[in-house]
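Here's a quick briefing to read alongside the model. Have a look at the fold first, then work through the notes below.

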Amino acid sequence: DFTTSYFTMNEQDVVDYVQSKLDFFAHNAELECREIGDGNLNYVFRVVEPKSGRSIIIKQAGPVARISDSFKVSPDRNRIESELLKLHDELAPGFVPIFYSYDPIMNCCVMEDLSDHEIMRTALLSYKKFPLFAEHISTFLANTLLLTSDVVMGHKEKKELVKKFINPELCEITEDLVYTEPFYDCEQNDVFEGTKEFIRDHIWNDKQLGLETAKLKFEFMTNTQSLLHGDLHTGSIFIKENSTKIIDPEFAFYGPAGYDVGNVVANLIFAYVNASFTIVDESKREEYLGYLEQTIEDVIRLFQEKFLQLWDEKVAEKTAMVPGFKETYVNSIMNDAAAVTGLELCRRIIGIAHVKDITSISNSNDRVQAEKICLTVGKTFILERSQIKTGEDFVKVLLESV
Ligand code: ADP
Ligand code: MG
Ligand code: MG
Ligand code: MG
């Protein structure tokens with residue numbers, strides 16, 4: 001019975017759920033189900049009707065993390081994810097999976113199966129190129145970040161959204177894992193042995209870095225600028241040649257707009273560092289690195305262009321139209337994006353959650369070198385953030401440290 005109380009479903013439960021609660025498949029259709037999740041917190045089920053080839057995805061939030069029963073996170077995050085998928089489809093049509101339904105008892109939602117796409121992190125690790133990605137992600141970012149902000153929305157209406165998307169438990173995960181633990185010798189960190197001394201000398205013992213990350217943490221917690229996706233790394237992007245889809249917005253809340261932009265850039269940099277150590281053929285390597293440099297530059301440049309253009313179309317708030325305000329506002333988003341690029345680069349090396357781009361570098365000397373590059377680039381992004389404004393600036397920071 002799915003109508004009285006919550007339980008975590010197995011594959012057979014999901015088939016029963018789909019047959020009794022949804023009208024997506026014909027009555028009595030023969031269905032197959034497999035759990036395909038790879039994350040920490042949630043269960044993702046793919047249900048297929050072999051006869052027709054039609055399929056659907058059910059994502060259920062578990063009450064505890066899959067790695068440890070003592071790590072509890074409220075399954076209400078599935079409500080936030082469901083609301084965001086709907087909202088993003090209105091704000092940036094075509095860039096999210098089609099949303100079908102949300103079930104507040106089972107804490108699950110039903111969405112379009114994107115199995116014809118590929119997770120972008122995986123695709124970049126096999127050196128694939130996506131010429132439309134910068135175009136797509138910059139539209140998604142400009143639309144979702146500007147249209148949910150006070151410069152476009154009625155201020156009361158916007159505060160209602162702030163309330164609706166208050167997300168204290170997932171914010172706490174970010175506050176701890178991104179903004180706190182990586183910057184001191186915290187027990188929960190997961191440091192690669194060969195990199196430890198470098199981290200101690202250049203991260204944990206750097207007082208200026210400690211001060212700057214403290215400022216950034218309180219900025220993250222107190223600046224209700226835009227409704228963020230909140231977890232926009234390349235594992236939350238499904239991609240193929242002509243299509244980009246953003247999934248997994250369960251971390252959504254009102255925070256500094258630069259947070260999402262910085263996460264995208266940092267994860268392109270992880271792919272860049274991976275490629276620089278794993279592509280053996282020099283001309284192929286140079287070509288792929290050039291592609292990623294251009295992509296980073298384009299993401300930032302197109303984001304700014306689209307954000308400013310959308311501003312001219314949508315902003316009617318008198319104060320926001322004061323000459324010079326628009327430019328100041330965009331600049332400060334770029335500075336925040338630079339800072340978050342740096343935080344993400346550091347925390348994925350030092351903290352508990354690593355990225356495959358780096359952990360898959362099998363030669364341990366290479367991995368240590370790769371990690372030092374990420375940390376050096378990351379630190380520069382944090383410390384120099386007020387000077388970083390354009391796509392070229394972002395690429396320059398990367399090229400100066402590799
Ligand atoms: P988590 O919050 O646990 O990280 P995700 O939403 O990122 O969950 O999904 C985990 C994995 O499940 C993805 O990496 C992808 O392989 C698969 N998945 C998620 N959503 C879909 C979808 N709509 N279509 C196909 N596969 C999906
Ligand atoms: Mg995942
Ligand atoms: Mg998630
Ligand atoms: Mg995920």
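In the protein, residues 24 or more positions apart account for 72% of the contacts with a separation of 6 or more; two residues are in contact if their C-beta atoms, placed from the backbone, lie within 7 Å. Keep in mind that this is a predicted model: local features need pLDDT of at least 70, side-chain atom pairs count only at pLDDT 80 or more, and totals for chains, interfaces and linings use all residues. Residues are numbered from 1 along each chain as its sequence is written, while chains are lettered from A and ligands numbered from 1 in the order in which they are written.

**Overall build**

- The protein has 14 helices and 10 strands, taken as DSSP runs numbered from the N terminus (helices are H or I with at least four residues, strands are E with at least two).
- With 402 residues, a compact globule would have a radius of gyration near 21 Å, and the protein agrees at 21 Å; the radius is taken over C-alpha atoms, and the globule rule is 2.2 Å times the number of residues to the power 0.38.
- The C-alpha trace spans about 60 × 55 × 40 Å along its principal axes.
- Of the 402 residues, 42% are buried, in the sense that 20 or more other C-beta atoms, placed from the backbone, lie within 10 Å of the residue's own.

**Two domains**

- The protein splits into domain 1 (11–111) and domain 2 (118–401), with bounds from an automatic or database domain assignment.
- Their contact takes 13 residues from domain 1 and 17 residues from domain 2.
- On the domain 1 side that touches domain 2 there are 9 nonpolar, 2 polar and 2 charged residues. Here Ala, Val, Leu, Ile, Met, Phe, Trp, Tyr, Cys and Pro count as nonpolar, Asp, Glu, Lys and Arg as charged, and the others, Gly among them, as polar.

**Around ligand 1**

- Gly39, Asn42, Val44, Leu114 and Asp248 come nearest of the 21 residues around ligand 1, where near means a C-beta atom, placed from the backbone, within 6 Å.
- Strand E2 (42–49) and strand E3 (54–61) are the elements that give two or more residues to this shell.
- The shell around ligand 1 divides into 9 nonpolar, 6 polar and 6 charged residues.
- Both domain 1 and domain 2 give residues to the shell, so ligand 1 lies between them.

- An open sheet of 3 strands runs in the order E6-E8-E9, with antiparallel pairing; strands pair if DSSP finds at least two bridges between them.
- Strand E6 (118–119) and strand E9 (243–246) stand at the edges with a single partner strand each, so one side of each is left without a neighbour in the sheet.
- Isoleucine 119 has phenylalanine 238 in E8 as its bridge partner.

Terms used:
A residue is buried if 20 or more other C-beta atoms lie within 10 Å of its own, exposed if 12 or fewer, and partly exposed in between; C-beta atoms are placed from the backbone.
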